[in-house]
Each structure stands twice: as structure tokens, then as C-alpha cells.
Amino acid sequence: MSPPSTTLAIANQKGGVAKTTSVASIGAALAELGHAVLLVDLDPQACLTFSLGIDPEDLELSVHQVLTKGLDPTEVIVETDDGVSLLPATIELARAEADLLTRTGREHVLRSMLEDLAAKGVHFDWILLDCPPSLGVLTVAALTAADGVLIPLQCETLSHRGVGQLLDTVHDVRRFTNRELEVWGVLPTLYDGRTTHARTVLETISETYDLEVVEPPIPKTIKFAEAPAAGRSILSTSRSSKGAAAYRQVAANLVTRAAR
Ligand SMILES: Nc1ncnc2c1ncn2[C@@H]1O[C@H](COP(=O)(O)OP(=O)(O)OP(=O)(O)O)[C@@H](O)[C@H]1O
Ligand SMILES: [Mg+2]
């Protein structure tokens, strides 16, 4: 029997809530803990790919051909300096939504790809899916492939509005394409703990939608802005910063959650 593998979709259709930063940082933290990690860039903007030190413009093949043409993912997966494997994206992925739209079983493309990978004996302890800021085909495919969904959330008044819609999509996915999908909770990001406002918003959202909060909140710090340019996550560029410590703790908590 192969060892267990956990696939988490990091999703929120709201832009700029630190989905990509969370995928890169949690991935690096899990790798530090000795886990084999695969990160999948599902955003045509390819920010995850870029932030891990790979220039999408230099790539001929990406997750796009894997999803739309059935290319073997092992031909595309690259190793990064952060110690994680990456299935990179390029701007070509922008066409995937259109290319997949008329395909039967499009929701399952990512799931089948991951199953094929496992069947070949390529094992990862963790697979993190960096979703684009939309509820389109790629996000639905990610939710269909995932065991759990983690929702990064910036705790400000209007961040409420998208959460209901995202949970409706999760509900549909559970009904139609992935019965096993579990909501692992919200991850407070860009968190300014000095304001009571942030904490109030967080409490309201978690109560309104009956969502667990994945602790600890990730503090807002300038260090995060510097990391992507270095091609490494904040865990290596700013090893002892509060942000890095928070992501390490989140990763440890996810490991505990997965074992439950
Ligand atoms: N804790 C933090 N403190 C300060 N800045 C942060 C923090 N986390 C992320 N950022 C910055 O916020 C911006 C958005 O982050 P990121 O790209 O991870 O969000 P995203 O949800 O993936 O965005 P998109 O929806 O466009 O994919 C980036 O410039 C990032 O460097
Ligand atoms: Mg992103």
C-alpha cells in the first residue's frame, strides 16, 4: 500500500489574499519537516512559478499541456531551491478554461492526473494547489482533486462577501464531483493583530459560515513583498521572521490535522 497523500486546494476567488504566498510558504515549511511536497500552479499569471525562481517565459511545457493534452506530468515537474517540486504554469494556461469548457469530465482532469501520477509510483506526502482568483473551471478542477480546501482570508469588512459564494461552489463540488471534499478552514492572512477590527471580522466570518480557523494568523509584514523577487519563499529569505514562524506553525498544525 502506498503511504497516505494529502491534497489541499488553496482557494479564494478574491484576489490578493495571499493564496500564492501561502502555498509557497506552507510548501517550504512542510519540506523542512521532511515531507515530499508537490505544488501545482493553476493560475495563468504564474506567480507561484515565478516566486519559486522559475521564469515562466523560459518554459516550453507547463501544467497547461498536462491538463489539456494529457502530457505526462513527470516531463513538466521541476525541483525548486525551496526543496519542493513544482508543476509550473505559463500564461498559456489562460486558454485552459476555454479549451476545457467543451470537454466531458473537465472537472476531473486534475484528479485523474494526480491519480495517474500515484499509479506510476510517484509519491508526494502533500500536494498543494494554488488556485486562480476565480471560481472557473480550474478552481473547480482543483476542488474536485482535493481532500481539503483551505481559504486564505484577509480580515477586513468586505472579505465576507466572497466566502458564501466559494462555499456554494464547494457544496456543488461535493454534490457532483467530489463527495469527500472537506473544508479545512480559513487561514487569516495579512493579519494586523493590533486592530480589534481584524479579530472581530475573523470571528464574525467563522461564526456566520461555521468555519474552523486555522491558527496562527499570518501577520502582515513587509518581508513577504521581498521574497518572490529572490525566487525563494519567506522561509529562506527571512528565516526567523514572524511571518515564517507563523507559516511553520500552520504547516505543523496541518500535519496534525491530516493525521486525524
Ligand atoms: N503576510 C503578508 N504581509 C505582507 N504582504 C503580504 C503577505 N502575504 C502576502 N503578501 C503580499 O500580498 C500580495 C498578494 O499576495 P499573493 O500573490 O500571495 O495573493 P494571491 O491571493 O495569490 O493573489 P491572486 O489572487 O492575484 O492570485 C503579494 O504582493 C504578496 O507579496
Ligand atoms: Mg495567486
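**Ligand 1 and its shell**

Reader: How do the residues of the shell around ligand 1 divide into nonpolar, polar and charged?
Author: They come to 8 nonpolar, 5 polar and 4 charged, where Ala, Val, Leu, Ile, Met, Phe, Trp, Tyr, Cys and Pro count as nonpolar, Asp, Glu, Lys and Arg as charged, and the others, Gly among them, as polar. This is a predicted model, where local features need pLDDT of at least 70, side-chain atom pairs count only at pLDDT 80 or more, and totals for chains, interfaces and linings use all residues. Residues are numbered from 1 along each chain as its sequence is written, chains are lettered from A and ligands numbered from 1 in the order written, and side-chain values use heavy atoms, leaving out hydrogens and water.

Reader: Which residues are the closest to ligand 1?
Author: K19, T20, T21, P219 and T221, out of 17 that surround ligand 1 (near means a heavy atom within 4 Å).

Reader: OK, what does the side chain of K19 do there?
Author: One of its N or O atoms is 2.8 Å from an oxygen atom of ligand 1. That's a polar contact, a pair of N or O atoms within 3.5 Å (within protein, one must be able to donate a hydrogen and the other to accept it, and residues adjacent in sequence count only if both atoms are side-chain atoms).

Reader: And which atom of T221 lies 2.9 Å from a nitrogen of ligand 1?
Author: A backbone N or O atom. A18 also uses its backbone: a polar atom there is 3.0 Å from an oxygen atom of ligand 1.

Reader: Switching topic, what are the dimensions of the box that the C-alpha atoms fill?
Author: Roughly 50 × 40 × 40 Å, along the principal axes.
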